[in-house]
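Please work through each task with the sequence and structure at hand before reading its solution.

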Amino acid sequence: MSRFAFTSAAILALALPACAETAPTPDKAKAAELVQAYAGKLKAALGSALETGGAEGALEVCAKQAPVIAAELSQSSGWTVARTSLKPRNAASAPDDYERKAMEAFNVRIAKGEKAADLVSAEVVEQNGKKAFRFIKAIPTAQLCLTCHGENVAPELKRKIVALYPEDQATGFKEGDMRGVFTLTKPLP
Ligand code: HEC
């Protein structure tokens with residue numbers, strides 16, 4: 001019995017580092033690149049929409065374009081590329097448990113003085129018996145975002161937001177708050 005216990009402990013000790021070494025390398029650089037592409041496309045769509053249609057026009061462009069941009073990037077990359085938030089505007093963007101915990105942990109770090117712009121988490125996790133690489137990057141609230149996500153959204157704009165998103169929770173943010181996160185998942189073999 002004691003010999004068996006010793007043997008299995010020894011096997012475990014040998015097996016653990018070996019597993020870690022042979023695990024597929026998480027592609028952090030690729031994730032960062034995808035986030036940059038995603039953020040760039042969103043910013044460009046928002047910027048040109050604000051220029052031509054003001055906040056109300058931009059709202060409609062955002063509502064239509066944001067999901068399309070995420071879907072296109074997901075399809076071309078083979079990753080799942082999305083945004084989520086503890087206070088989502090689009091109910092379809094509500095977080096899963098993993099994302100919720102990551103965002104709560106980010107908020108604790110922000111409360112202790114870290115900047116939302118610096119917060120990233122990257123790990124290999126097992127979900128439903130399958131391995132996946134999950135990459136989460138905080139999105140800070142900038143001045144520009146307050147028009148549609150701030151504490152004083154103009155009443156007419158607010159009416160349009162609620163008409164499009166009856167369950168909207170994404171107002172009341174202040175500059176520097178974490179508005180949400182980019183969330184990327186890559187299934188691993
Ligand atoms: C013109 C209004 C408008 C502005 C300005 C705006 N947003 Fe949004 N935001 C929206 C709309 C509409 C959605 C929902 C899009 C969708 O259906 O996926 C949204 C969704 C989001 C989401 C996805 C999660 C969720 O709540 O559904 C994040 C994150 C986000 N916005 C961050 C920002 C940031 C950061 C800025 C500033 C750089 C910003 N937004 C500026 C209108 C706006």
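**Exercise 1.** Determine how many residues line the largest pocket, and which of them lie nearest its centre.

*Solution.* The lining of the largest pocket consists of 48 residues, and those nearest its centre are Leu 42, Arg 83, Ile 139, His 149 and Arg 179. Two or more lining residues come from each of helix 2, strand 1 (80-84), strand 3, helix 4 and strand 4 (178-187), with helix 2 giving the largest share, 14 residues. The pocket has a volume of about 1,300 Å³. On a 1 Å grid over the protein atoms alone, a pocket is an open set of points with protein on both sides within 12 Å along at least five of seven lines, a cavity is a set where a 1.4 Å probe fits but cannot get out, and lining residues have an atom within 4 Å of a point.

The model is predicted, so local features need pLDDT of at least 70 and side-chain atom pairs count only at pLDDT 80 or more, whereas totals for chains, interfaces and linings use all residues. Residues are numbered from 1 along each chain as its sequence is written, and side-chain values use heavy atoms, with hydrogens and water left out.

**Exercise 2.** Locate the ligand and find which protein atom is the donor to its iron atom.

*Solution.* The ligand sits in the largest pocket, in the sense that more than half of its atoms lie within 2 Å of the pocket's grid points. The single protein donor to the iron atom is His 149 (NE2), 2.1 Å away, where donors are N, O and S atoms within 2.8 Å of the metal (3.2 Å for Na, K and Ca). His 149 belongs to helix 4 (residues 146-149); helices (H or I, at least four residues) and strands (E, at least two) are DSSP runs, numbered from the N terminus.

**Exercise 3.** Describe the shell around the ligand, and state which element supplies its largest share.

*Solution.* The ligand is surrounded by 20 residues, the closest being Arg 89, Cys 145, Cys 148, His 149 and Arg 179, and a residue is included if one of its heavy atoms lies within 4 Å. Helix 2 contributes seven residues, the largest share. Turning to oxygen atoms of the ligand, one is 2.8 Å from a side-chain N or O atom of Asn 90, and one lies 2.7 Å from a polar side-chain atom of Tyr 165.

**Exercise 4.** Identify the residues that line the largest cavity.

*Solution.* This cavity, with a volume of about 40 Å³, is lined by Leu 42, Ala 45, Leu 46, Val 61, Cys 62, Gln 65, Ala 66 and Ile 69.

Key. A polar contact is a pair of N or O atoms within 3.5 Å; within protein, one must be able to donate a hydrogen and the other to accept it, and residues adjacent in sequence count only if both atoms are side-chain atoms. Grid points are joined across faces, edges and corners, and a volume is the space filled by probe spheres set on the points.
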